[in-house]
Amino acid sequence: MVQLVLLAGALGWAGASFLFLLYASRVQRTRTQSVIQDELFCHNQRIAIRFGFMALIAATSLLLAADLLIDFSATVALRALLIIGITAPLVTFLILGRDNLEDEA
């Protein structure tokens with residue numbers, strides 16, 4: 001069952017990558033892309049990346065300390081670091097963006 005889920009995930013990822021490559025050349029520059037170059041957007045992006053890096057360093061330190069007390073596999077540690085390293089900057093960026101929307105309203 002697990003192998004079937006892994007195969008379905010790999011096929012879905014490969015299909016999405018293929019479609020992205022197929023349609024990437026057809027994407028035209030829109031007004032939305034100019035928003036990405038906005039100063040506030042870039043500022044929030046920098047803050048989110050910095051926070052994500054600090055969260056990753058803190059999680060690594062905690063996992064190293066926890067390894068002295070608890071036995072766990074490297075797979076568990078790597079998955080935890082991967083989850084924290086991806087979600088921390090994304091959530092931070094969303095919170096900063098939401099705060100800016102509330103200020104404009």
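## Residue A58 and helix α3

A58 is located in helix α3 of this predicted model. With a relative accessibility of 38%, A58 is classed as partly exposed, because that class covers values between the 20% limit for buried and the 50% limit for exposed.

A58 can also be placed relative to L81. These residues are separated by 23 residues in sequence, and their C-alpha atoms are 9.9 Å apart in space.

## The aromatic pair

How many aromatic pairs does the count come to? The count comes to one aromatic pair. F41 and F93 form this pair, with 5.2 Å from centre to centre and 85 degrees between the planes. The arrangement is edge-to-face, because planes over 60 degrees apart fall into that class.

Where in the chain do F41 and F93 lie? F41 belongs to helix α3, which spans residues 39-69, while F93 belongs to helix α4, which spans residues 74-104. The pair thus links distant parts of the chain, as F41 and F93 are 52 residues apart.

The relative accessibility of F41 is 24%, so F41 counts as partly exposed. F93 has a relative accessibility of 25%, so F93 also counts as partly exposed.

Which residues make the nonpolar surface patch? M1, L4, V5, L7 and L11 make this patch, and its area is about 590 Å².

One of these residues, L4, lies in helix α1, which spans residues 2-23. Is L4 buried or exposed? L4 counts as exposed because its relative accessibility is 56%, and the exposed class begins over 50%.

Definitions and conventions
Residues numbered from 1 in each chain as written. Predicted model: local features only at pLDDT ≥ 70, side-chain atom pairs only at ≥ 80, totals over all residues. Heavy atoms only, no water. Phe/Tyr/Trp six-rings, centres within 6.5 Å; stacked < 30°, edge-to-face > 60°. Helix = DSSP H or I, 4+ residues; strand = E, 2+ residues; numbered from the N terminus. Buried < 20%, exposed > 50% of the residue type's maximum accessible area, 1.4 Å probe, protein only. Patch = residues over 30% accessible without salt bridge, like charges linked within 9 Å, V, L, I, M, F, W, Y side chains within 5 Å. Areas by Shrake-Rupley, 256 points an atom, 1.4 Å probe, with all protein chains shown as cover. Salt bridge = Lys/Arg side-chain N within 4 Å of Asp/Glu carboxyl O.
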